[in-house]
Amino acid sequence: LQNLQAKVAENGFRVLHIHNVRSTLKEKGFDIFKNIVENLVIPVDVFIVSNEFHGLSFKNKESRYHYVYNLSTKEFAKFLSNKDVFLSTSLYEPFSLVMVESMASGVIPIVNENVGAAKFIHNGINGFILNTNIVFEAIKIITYLDTNYETRFKISNEARKIYNILNWQRV
């Protein structure tokens with residue numbers, strides 16, 4: 001556990017969000033994501049993968065923001081390898097392939113209950129499902145995971161098991 005804590009402390013906590021910034025659709029949830037990040041009381045590294053970043057700014061100056069343009073498949077797999085959580089604030093999405101790819105890499109999903117892929121998440125076991133107060137719940141979960149290394153490690157390992165359920169041989 002000490003090695004895990006040292007590694008986490010050295011690298012910080014990393015939140016991943018993937019979004020089409022051009023999308024002005026409220027149901028894509030970027031405003032919710034922004035509200036969560038701006039109200040975190042812990043500093044985090046926020047990685048936003050998108051095709052465009054016009055006018056993005058955040059009030060929370062304690063956190064660091066990294067803007068990443070769309071990546072190739074190989075680049076994306078490598079990119080996922082050291083992220084802690086995948087935060088999806090879409091109010092509705094039929095099926096999030098990115099969420100499944102993230103889970104297979106051990107990235108803990110935090111998603112809205114209306115995301116189709118949420119049916120593969122066992123709340124608190126291999127990820128988290130946000131229900132009513134999305135902003136408050138997400139902040140609470142991220143803060144909890146930031147300081148509970150052993151739990152974070154266990155949930156990350158459980159998230160990886162999605163590959164046993166959703167792989168090309170079984171789909």
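Visitor: In which helix does Ile-162 lie?
Guide: The model is predicted: local features need pLDDT of at least 70 and side-chain atom pairs count only at pLDDT 80 or more, while totals for chains, interfaces and linings use all residues. Residues are numbered from 1 along each chain as its sequence is written, and side-chain values use heavy atoms, leaving out hydrogens and water. Helices (H or I, at least four residues) and strands (E, at least two) are DSSP runs numbered from the N terminus. The run covering residues 162–165 contains Ile-162, and this helix is α7.

Visitor: Why does Ile-162 count as buried?
Guide: A residue is buried under 20% relative accessible area, exposed over 50% and partly exposed in between (1.4 Å probe, protein chains only). Ile-162 therefore counts as buried, its relative accessibility being 3%.

Visitor: How far apart in space are Ile-162 and Ser-105?
Guide: Contact (heavy atoms within 4.5 Å) links Ile-162 to Val-100, Met-103, Ala-104 and Phe-120, when residues up to four places away in sequence are not counted. In sequence, Ile-162 and Ser-105 are 57 residues apart. Between their C-alpha atoms, the separation in space is 9.4 Å.

Visitor: How many residues does the protein chain have, and what share of them is buried?
Guide: The protein chain holds 7 helices and 6 strands, arranged along the sequence as α-β-α-β-β-α-β-α-β-β-α-α-α. Of contacts between residues at least 6 apart in sequence, 54% join residues at least 24 apart. The protein chain has 171 residues, and the buried share is 47%.

Visitor: How are α2 and α5 oriented to each other?
Guide: Axes are lines fitted to C-alpha atoms, for helices over the stretch in contact, with angles from 0 to 180 degrees between N-to-C directions. Those of α2 and α5 come within 9 Å and cross at roughly 45 degrees. The contact unites Ile-32, Asn-35 and Ile-36 of α2 with Ile-134, Val-135, Ala-138, Ile-139 and Ile-142 of α5. Angles under 35 degrees count as roughly parallel, over 145 as roughly antiparallel, 65 to 115 as roughly perpendicular and the rest as oblique, so α2 and α5 are oblique.

Visitor: What is the orientation of α5 and α6?
Guide: Helix α6 (residues 149–160) packs on α5 at an angle of about 105 degrees, the axes being 5 Å apart. Tyr-144, Leu-145, Asp-146 and Thr-147 of α5 meet Tyr-149, Thr-151, Arg-152 and Ile-155 of α6. The two helices are therefore roughly perpendicular.

Visitor: What is the relative accessible area of Ala-138?
Guide: Ala-138 belongs to helix α5 and touches Ile-36, Leu-87 and Leu-130, residues up to four places away in sequence not being counted. Its C-alpha atom is 8.7 Å from that of Phe-128, 10 residues apart along the chain. Ala-138 is buried, and its relative accessible area is 0%.

Visitor: In which strand does Ile-129 lie?
Guide: Ile-129 is buried, with a relative accessible area of 16%. Excluding neighbours within four places in sequence, Ile-129 is in contact with Val-111, Asn-112, Glu-113, Ala-118, Ile-121, Asn-123 and Glu-137. From Asn-114, Ile-129 is 15 residues apart in sequence and 9.1 Å apart in space, C-alpha to C-alpha. The strand that holds Ile-129 is β6.

Visitor: Is Asn-60 buried or exposed?
Guide: Asn-60 lies in the loop between β2 and β3 (64–69). Beyond its neighbours within four places in sequence, Asn-60 is in contact with Val-37, Glu-38, Leu-40 and Tyr-65. At 7% relative accessibility, Asn-60 counts as buried.
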